[in-house]
Amino acid sequence: MSQIIQADWPQIQSIYRTSMQRHFPANELKPESTMERMFRDGCYDGFLYQEAETTAGYAFFFRLPEEPAVLLDFLALEESFRGQKRGSRFLTELRETAYPGRDIYLEIDDPDFAPVEEARQLWLRRWEFYRRLGAMDTGVRSCIWEAPYRILCFPAAETPGAEAVRAKLRRFYPEMYGPEVYEKSVAIQ
């Protein structure tokens, strides 16, 4: 039996210190203090996907109180739970229960900038995972701490245009990273 629970800060911190270090490259991880600040400010939601008392996966979202859209910041399943449609069920349930009727944006590694073919294939598989679930490519790109991303959207209704997506990111990123990091280490195209 599986269930999704909303995570508190100690649970998010534990995931950050263990699982996230394995699941994401260092240049994609925010400092723990940044995640804690966003959580304490009420702008960061964590969800745990549990099976039989085991945390099988997690998802973290950034949101602004006055903004209807949200940004999927991190999503991962533990290795032993992958390849069995659990990730699809987890994300679908979150879209339906946690953020119904809201645009959900996400950043995926841009396969055009993969350092080796193995990474490119992995990044393309991730892209296909999201596309199968209904994510649309917005045509917008971002680069954060020299990590290039494509911006996808699970639209609530119509897929937003590129300029609307850029405007959302210009609202999200300074709040997520702080104005100084935003100015020096974030680009939106």
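Predicted model: local features only at pLDDT ≥ 70, side-chain atom pairs only at ≥ 80, totals over all residues.
Q: Which value makes Lys85 count as exposed?
A: Lys85 has a relative accessibility of 58%, and since exposed means over 50%, Lys85 counts as exposed. Lys85 lies in the loop between strand E4 (70-77) and helix H4 (86-97), and its phi, near 70°, is again a positive value in a residue other than glycine.

Q: How do you know that Cys43 is in no disulfide?
A: A disulfide is a covalent bond between the sulfur atoms of two cysteines. The nearest cysteine sulfur to that of Cys43 belongs to Cys153 and is 19 Å away, whereas a disulfide needs the two sulfur atoms within 2.5 Å, so Cys43 is in no disulfide. Cys153, for its part, is also in no disulfide, with the sulfur of Cys43 as its nearest at 19 Å, and the structure as a whole holds zero disulfides.

Q: What makes Cys43 and Cys153 count as buried?
A: Buried means under 20% relative accessible area. Cys43 is at 12% and Cys153 is at 0%, so Cys43 counts as buried, and so does Cys153.

Q: Why are H1 and H3 called roughly antiparallel?
A: The axes of helix H1 (residues 9-17) and helix H3 (residues 32-40) come within 11 Å and cross at roughly 160°. Because angles over 145 degrees count as roughly antiparallel, H1 and H3 are described in that way. Their crossing is right-handed.

Q: Which residues make the contact of H1 with H3?
A: On the side of H1 they are Trp9, Ile12, Gln13, Tyr16 and Arg17, and on the side of H3 they are Glu32, Met35, Glu36, Phe39 and Arg40. Sorted by class, this contact has five nonpolar, one polar and four charged residues.

Q: Why are H3 and H6 called roughly perpendicular?
A: Helix H3 packs with helix H6 (residues 162-177) at an angle of about 115°, and their axes are 9 Å apart. Since the range from 65 to 115 degrees counts as roughly perpendicular, H3 and H6 are given that name. In this contact Thr34, Arg37 and Met38 of H3 meet Glu175, Met176 and Tyr177 of H6, and by class there are three nonpolar, one polar and two charged residues.

Q: How do you know that Tyr173 is buried?
A: Tyr173, which lies in helix H6, has a relative accessible area of 0%, and because buried means under 20%, Tyr173 belongs to that class.

Q: Which residues is Tyr173 in contact with, leaving aside its neighbours within four places in sequence?
A: Tyr173 is in contact with Leu71, Glu107, Ser142, Ile144, Ile151, Gly178, Tyr182, Val186 and Ile188. Separately, the C-alpha atoms of Tyr173 and Glu183, which are 10 residues apart along the chain, are separated by 9.8 Å.

Technical notes
Residues numbered from 1 in each chain as written. Heavy atoms only, no water. Buried < 20%, exposed > 50% of the residue type's maximum accessible area, 1.4 Å probe, protein only. Axes fitted to C-alpha atoms, helices over the stretch in contact; angles between N-to-C directions. Helix = DSSP H or I, 4+ residues; strand = E, 2+ residues; numbered from the N terminus. Parallel < 35°, antiparallel > 145°, perpendicular 65-115°, else oblique. Left-handed = near helix turned anticlockwise from the far one by under 90°. Contact = heavy atoms within 4.5 Å. Nonpolar A, V, L, I, M, F, W, Y, C, P; charged D, E, K, R; others polar.
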